[in-house]
Amino acid sequence: MSIPSEALGGPKSFSVSGPSLGTQMWGCGLRSSKAAGFAAGTESSLWVDGFDVTDPVSGTTPIDLPNESVKGMAVVRDPVSATFNNVVGSMASIETTAGTGDFRFGVQGFIPRPQLNRQYGLGRIEAFFPRAYVGGRAGIARYFSSIEGNFERIPIPGVTSQSGSPASGTTGLVSFTRVDFDLSPRNTLTVEGMVAPSTQNYSGLSPLQRPSAAPDIHVLDVFGGVIERITVAPSQLLT
């Protein structure tokens with residue numbers, strides 16, 4: 001099916017599949033999909049503990065919580081419900097890990113992965129994803145905090161030399177903390193936050209784009225939320 005570009009303000013046409021318009025979409029630009037009220041295939045909303053953390057411009061999110069801070073996740077293909085509003089396309093909802101009150105600590109992923117191809121810098125670190133977490137209790141507060149480092153180097157065929165440079169990649173850090181205050185047996189106050197600085201080196205580097213035209217992009221994502229939960233009845237929870 002084709003839709004005139006004058007009506008969409010974007011590409012001349014796009015294709016859809018299936019009897020329901022907007023259920024499946026391919027090759028649709030961001031401007032045209034937004035104008036038509038649909039979602040592109042790369043757009044997926046993310047909610048964390050009931051907070052929408054989706055970038056309103058790109059329709060995606062760069063947030064990637066450490067595994068230990070994710071208690072559970074639900075993926076909804078067609079989120080048409082009273083719980084989630086203003087959502088176009090698929091979405092993922094994450095429930096974060098709360099502190100149990102017992103002290104716990106752990107580390108993982110502290111062994112880097114080396115480059116084994118001589119053509120792209122033999123022996124150089126290619127990827128490194130260390131993680132650490134800690135949880136416990138301080139007075140009426142139960143806390144859980146995790147942190148994850150992210151280093152990934154991607155050699156570009158025809159561009160990256162045997163010295164291992166230049167190469168595209170990402171360097172960043174994600175830190176997430178959740179603190180639950182037990183105000184009473186029926187009332188809990190949750191304060192949570194995340195800080196995630198990152199740098200993308202040689203963004204867009206390819207055999208057709210020189211290193212001088214591939215900039216370094218610096219990003220800082222900050223999130224904070226406060227939730228109060230009151231148990232009204234054994235089967236009723238007010239948030």
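User: Why is L220 called exposed in this model?
Analyst: In this predicted model, L220 has a relative accessible area of 57%. Exposed means over 50%, so L220 is classed as exposed. The residue lies in strand 14, which covers residues 217-233.

User: What does L220 touch, apart from residues up to four places away in sequence?
Analyst: L220 touches V195, A196 and P197.

User: Why is T54 called buried?
Analyst: The relative accessibility of T54 is 17%. Buried means under 20%, and T54 therefore counts as buried. T54 is placed in the loop between strand 4 (51-52) and strand 5 (70-76).

User: What makes the pairing of T54 and D52 a polar contact?
Analyst: The side chains of T54 and D52 are joined at 2.8 Å. The cut-off for a pair of N or O atoms is 3.5 Å, so this pair qualifies as a polar contact. A polar atom of the T54 side chain also lies 2.9 Å from the backbone nitrogen of L46.

User: Why does F110 count as partly exposed?
Analyst: F110 has 49% relative accessibility. F110 is found in the loop between strand 7 (104-108) and strand 8 (113-114).

User: Which residues form a nonpolar patch with F110?
Analyst: F103, F105 and V107 form the surface patch with F110, and together the four have about 480 Å² of accessible area.

Terms used: Residues are numbered from 1 along each chain as its sequence is written. This is a predicted model: local features need pLDDT of at least 70, side-chain atom pairs count only at pLDDT 80 or more; totals for chains, interfaces and linings use all residues. Side-chain values use heavy atoms; hydrogens and water are left out. Patches are made of residues with over 30% relative accessible area and no salt bridge: like charges are joined within 9 Å, nonpolar side chains (Val, Leu, Ile, Met, Phe, Trp, Tyr) within 5 Å. Accessible areas come from the Shrake-Rupley method with a 1.4 Å probe; for residues, only the protein chains shown count as cover. A salt bridge is a side-chain nitrogen of Lys or Arg within 4 Å of a carboxyl oxygen of Asp or Glu. Helices (H or I, at least four residues) and strands (E, at least two) are DSSP runs, numbered from the N terminus. Buried means under 20% relative accessible area, exposed over 50%, partly exposed in between (1.4 Å probe, protein chains only). A polar contact is a pair of N or O atoms within 3.5 Å; within protein, one must be able to donate a hydrogen and the other to accept it, and residues adjacent in sequence count only if both atoms are side-chain atoms. Contact means heavy atoms within 4.5 Å.
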